[in-house]
Each structure stands twice: as C-alpha cells, then as structure tokens.
Amino acid sequence: ARLSRAALETLAIVAYRQPILRSEIEKIRGVDVGGILRSLMEKNLIRIAGRQDLPGRPMLYGTTTVFLETFGLPNLEALPSLEEIESLGPDPDSDRLF
C-alpha cells in the first residue's frame with residue numbers, strides 16, 4: 001500500500017523516536033496526527049507500545065514487525081543514521097529532511 005508524504009514522515013518519527021507520545025509527534029510535525037496514526041495502525045505499521053505514567057495515561061506508539069518486513073529491515077538498528085540520510089542530499093520537494 002502506498003503511504004502519503006505525511007504518513008511517511010509520521011512513521012519515520014515513530015520509528016526513530018519510539019516509544020513516543022502522540023503529543024510529541026504533533027510537536028515535531030506541527031499538525032494533528034490522529035488520523036495518520038489511525039491509518040498507520042490499520043496498516044499494522046505501528047502499534048500501541050504502552051502508556052506513559054502521566055495524567056490521562058497517554059498512549060505510546062512504536063513500530064511493528066510488519067513495519068520491519070515492509071521496509072526490508074532485520075531490526076531497528078538497521079535504520080539509516082542521520083548522517084546517512086543527510087549524505088543523500090536535500091529533498092528536492094522540501095527545504096528540510098524529516
């Protein structure tokens with residue numbers, strides 16, 4: 001299944017920062033991510049990884065084994081480093097790398 005640019009950006013944030021709260025993702029992206037998180041969960045790319053010990057017990061998100069299989073990764077340590085991503089050069093459609 002194809003993912004939108006917003007979904008890929010959100011998925012990358014979850015993959016690199018997991019376990020992560022929805023509010024932290026929204027702070028990084030600057031937009032509401034509720035619909036995107038729901039879509040990624042329906043595709044089984046992310047999961048609820050637990051709950052934070054804060055008022056309201058907000059959910060923590062993490063990736064799944066389906067995420068690893070989809071992107072051909074043996075484990076999370078195989079994700080490219082920031083230096084490897086930056087060496088690819090800037091995205092021609094954006095002024096920033098995730």
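Which strands does helix 3 lie across, and at about what angle does it run to strand 2? In this predicted model, local features need pLDDT of at least 70 and side-chain atom pairs count only at pLDDT 80 or more, while totals for chains, interfaces and linings use all residues. Residues are numbered from 1 along each chain as its sequence is written, and side-chain values use heavy atoms, with hydrogens and water left out. Helix 3 (residues 34-42) lies across strand 2 and strand 3, running at about 110° to strand 2 (axes are lines fitted to C-alpha atoms, for helices over the stretch in contact, and angles run from 0 to 180 degrees between N-to-C directions).

**Sheet**
- The 3 strands form an open, antiparallel sheet in the order 1-3-2, where helices (H or I, at least four residues) and strands (E, at least two) are DSSP runs numbered from the N terminus, and two strands pair if DSSP finds at least two bridges between them.
- Strand 1 (20-21) and strand 2 (46-51) each have a single partner strand and stand at the edges, so one side of each lacks a neighbour in the sheet.
- Strand 1 is joined to strand 3 (residues 59-63) by 2 bridges, and leucine 21 has leucine 60 as its bridge partner in strand 3.

**Helix 3**
- Gly34, Ile36, Leu37 and Leu40 are the buried residues of helix 3 (buried means under 20% relative accessible area, exposed over 50%, partly exposed in between, with a 1.4 Å probe and protein chains only).
- These residues lie on the same side of helix 3 because they cover an arc of only 165° around the axis, the arc being that of the directions from the helix axis to the C-beta atoms.
- Exposed Arg38 and Glu42 sit on the face turned away from the buried side of helix 3.
- The buried residues of helix 3 pack against helix 1 (5-17), helix 2 (22-29), strand 2 and strand 3, where contact means heavy atoms within 4.5 Å.
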